Amino acid sequence: MSDTTSALLLGHSVSGDRREVFEHRTGSPPGHLKRHPHMPTIRTKTKTKAPPPLPIPAQPKATQKARKVRQQATPPTPEMVVGLVAYFDEVVAYLCPPNTAPTPDTRHLLAGLPCGPITFARPVAEDEGVPEAPAIWFTIDKGNPRILTHAGFFLLRVLSLPGGLPYEREASHGIEVLEPGFTLTRLMADADDGEVVRLQGKHVDLRPWCLSIEPGRPSGRRQRRDAIECAVRRYGDHVEEWGLTALLPPEGYEAMLKGAFRMFDVEHAMHFLRPLGGEEARSIGSKP
């Protein structure tokens with residue numbers, strides 16, 4: 001593993017850090033999570049080919065009314081917090097030198113589920129024919145099944161820990177987290193003002209290579225830094241009431257949330273790494 005990837009996960013600043021524009025790419029599947037450094041920004045205005053359709057698992061069909069309802073906040077359980085902390089520590093150990101730790105345990109990623117709005121979650125089975133697995137199938141309330149990478153689902157779980165949302169936005173097929181205005185796909189893509197995040201292909205696939213940043217006027221304008229501030233404040237307001245201070249104090253939650261974003265960025269970046277002489281030249285630029 002490169003020093004850049006280790007620095008990203010451990011919270012150190014990286015000179016010249018850049019962010020990747022999300023777009024679907026054909027060709028070889030994502031590389032191994034522990035082998036690739038952070039990816040520079042790639043900007044393109046060319047529309048990309050949609051990913052192949054997914055075999056969606058059968059679920060009870062939701063009514064429009066049910067999918068619009070926001071559930072009341074469900075306090076996190078000790079089982080849930082212990083599992084997520086264990087999963088976070090396992091991923092850090094797996095990614096960082098000396099790179100001798102075993103693969104993180106998916107059971108810890110799913111600890112305490114179903115709970116609150118996340119009513120269903122399971123790993124994608126090897127015989128389901130889902131390309132570029134591993135991944136997690138999940139549902140919000142009684143909505144359609146969605147699919148995320150392990151890092152994406154971990155980010156959703158950590159963002160959901162303070163309670164309240166997530167819930168599905170019927171009109172745009174989106175998922176909001178924390179409070180209205182925070183959309184999961186926008187936070188994953190780290191989109192700026194004047195940028196919208198669109199899904200390539202069917203809206204069930206929320207994995208990073210199915211997201212595309214394009215110029216536009218977003219309906220939700222709140223960004224990562226706002227989400228971190230909101231989530232940490234909400235968690236700090238309730239952690240004593242929930243009796244979780246000893247398991248995960250507010251400063252620990254903040255570190256885990258920032259680390260979850262870094263993990264997602266690293267997992268996304270490795271999908272786009274290619275030898276420079278191996279494919280058509282692309283425009284590369286940086287974002288401050």
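Two strands are taken to pair if DSSP finds at least two bridges between them. On that basis this predicted model contains an open sheet of 3 strands, arranged in the order β1-β2-β3 with antiparallel pairing.

- Strand β2, covering residues 136-140, is joined to β3 in the antiparallel sense over 3 bridges, and F138 has R146 of β3 as its bridge partner.
- In general, the strands of a sheet pair through backbone hydrogen bonds, in either a parallel or an antiparallel manner.

**Helix α7**
- Helix α7 runs over residues 224-242, and its 19 residues reach 25 Å from the first C-alpha to the last, which is close to the 27 Å expected at 1.5 Å a residue.
- The helix α7 bends by about 30 degrees at G236, and it is followed by G243, whose phi is positive, near 70 degrees.
- The buried residues of α7 are R224, A227, I228, C230, A231, V232, R234, Y235, V239 and W242, and what covers them includes α6 (184-189) and α8 (250-272).

**Cysteines**
- With a disulfide taken as a pair of cysteine sulfur atoms within 2.5 Å, the count for this model comes to 0 disulfides.
- C210 is buried, with a relative accessible area of 0%, and C230, which belongs to α7, is likewise buried, with a relative accessible area of 2%.

Notes. Residues are numbered from 1 along each chain as its sequence is written. This is a predicted model: local features need pLDDT of at least 70, side-chain atom pairs count only at pLDDT 80 or more; totals for chains, interfaces and linings use all residues. Side-chain values use heavy atoms; hydrogens and water are left out. Buried means under 20% relative accessible area, exposed over 50%, partly exposed in between (1.4 Å probe, protein chains only). Helices (H or I, at least four residues) and strands (E, at least two) are DSSP runs, numbered from the N terminus. The expected span of a helix is 1.5 Å times one less than its number of residues. The bend at a residue is the angle between axes fitted to the seven residues ending there and the seven starting there. Contact means heavy atoms within 4.5 Å.
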